[in-house]
Amino acid sequence: MGLSMKQFGLVSEIDYTNESSWKDKIFVTLDIDWAHDDVVRNVADFLSSNHIKATWFVTHQSPVLDELRNNPLFELGIHPNYNPLLLQHSTSKGANAKEVLENILQIVPEAKSVRSHSLTQHSALVDYYAEKGLVHELNVFIPIQEDIILKPYRHWTNIIQVPHVWEDDVNMRYGLDYFEMIEKVIDYTGITVLDFHPIHLFLNANAYEQYEEVKDFLQDYQRLETHINKDSFGTKNFLSLLVDKITS
C-alpha cells in the first residue's frame with residue numbers, strides 16, 4: 001500500500017457496515033481536558049495549517065468552541081468526566097452519571113460521538129448515549145504495538161464502538177519510540193484512531209514528566225510557552241512527521 005493512500009478522516013464518517021468509510025484513513029481525535037483557550041487555538045492552527053481533519057472531545061464551555069465549530073476540518077464530540085462520582089475526590093458536574101452527560105450535552109448539543117475522561121465504561125452509560133442520539137463511542141484502547149487488527153463494531157444499542165490504537169500520554173508512559181510508532185500507524189491495516197491532548201501537542205511533550213512540571217499552572221499561557229520542548233522529538237513532531245509521510 002502506498003503512503004499516499006492514507007488520508008485523515010472524521011469519526012462521524014465511520015460506518016461499521018462500510019469498510020471503505022474507515023479503511024486507509026487516520027482519525028485524529030483530541031481530548032480537550034480543560035486546556036487553556038490559547039493552547040486549543042495553537043493546536044487548532046497547527047492542524048488547520050496541515051489540513052488535518054480532527055474530532056475534538058469537549059470537557060467544558062468556552063468561547064473557543066465556536067471557533068472550532070466554524071472550521072470545516074473539525075467536529076465536536078463530548079468528553080464527560082465521571083471520575084468525581086466514582087472517586088469522590090472533587091465536585092461533580094452532576095449528581096449522577098445521567099446529569100453529567102446531560103450537562104455536557106448542553107454545551108455540545110450537536111455531539112454525535114463520546115469518549116469518557118479516563119475511558120470510563122458502563123453498560124448503563126451506553127444506554128444513555130443511545131437515548132441521547134449519540135452514534136459513536138470511543139472508550140476502547142488497544143495499543144498498536146500489540147499488533148491486533150481492529151475494526152469498528154456495533155453495540156446492541158446500535159452505538160458504533162470505535163477502538164483507538166495510540167495515545168500521546170500512553171506513548172510517553174510506555175516510553176515507545178516515536179519513529180517506530182509512525183511506521184506502525186502507516187502500515188496498520190485496522191481502524192486507525194489516534195488520541196491526542198492539546199497540552200501535549202502544545203508542549204511537544206515526549207516525557208510525562210514534562211506535563212507534570214506544568215500541572216500547577218495549566219491556565220497560565222505565557223508560563224506554559226516557556227516550557228515548550230524544542231530540544232527533542234515530541235508529540236507535535238510525531239504528528240508533523242506523520243503528515244509528511246502520508247502526503248509525500
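Strand 1, residues 7-9, pairs with strand 2 in the parallel sense, over 3 bridges. Within this pairing, F8 has I26 of strand 2 as its bridge partner. Keep in mind that this is a predicted model.

Now stay with strand 2 and look at its other partners. How does the chain get from strand 2 to strand 3? It passes through helix 1, residues 37-49, in a right-handed β-α-β crossover.

Which way do the residues of strand 2 point? K25, F27, T29 and D31 point one way, while I26, V28 and L30 point the other way. Both sets are buried. Buried here means under 20% relative accessible area.

Step back to the whole chain. It holds 11 helices and 10 strands. Of its 248 residues, 52% are buried. Take contacts with a separation of 6 or more: residues 24 or more positions apart account for 68% of them. The C-alpha trace spans about 45 × 45 × 35 Å along its principal axes. Why call the size that of a compact globule? A compact globule of 248 residues would have a radius of gyration near 18 Å, and the chain has 17 Å, so the two agree. The chain exposes about 11,400 Å², with 48% supplied by carbon and sulfur atoms.

Key: Residues numbered from 1 in each chain as written. Predicted model: local features only at pLDDT ≥ 70, side-chain atom pairs only at ≥ 80, totals over all residues. Heavy atoms only, no water. Buried < 20%, exposed > 50% of the residue type's maximum accessible area, 1.4 Å probe, protein only. Helix = DSSP H or I, 4+ residues; strand = E, 2+ residues; numbered from the N terminus. Pairing = 2+ DSSP bridges. Right-handed = clockwise from strand over helix to strand, strands pointing away. Rg over C-alpha atoms; globule rule 2.2 N^0.38 Å. Contact = heavy atoms within 4.5 Å. Areas by Shrake-Rupley, 256 points an atom, 1.4 Å probe, with all protein chains shown as cover.
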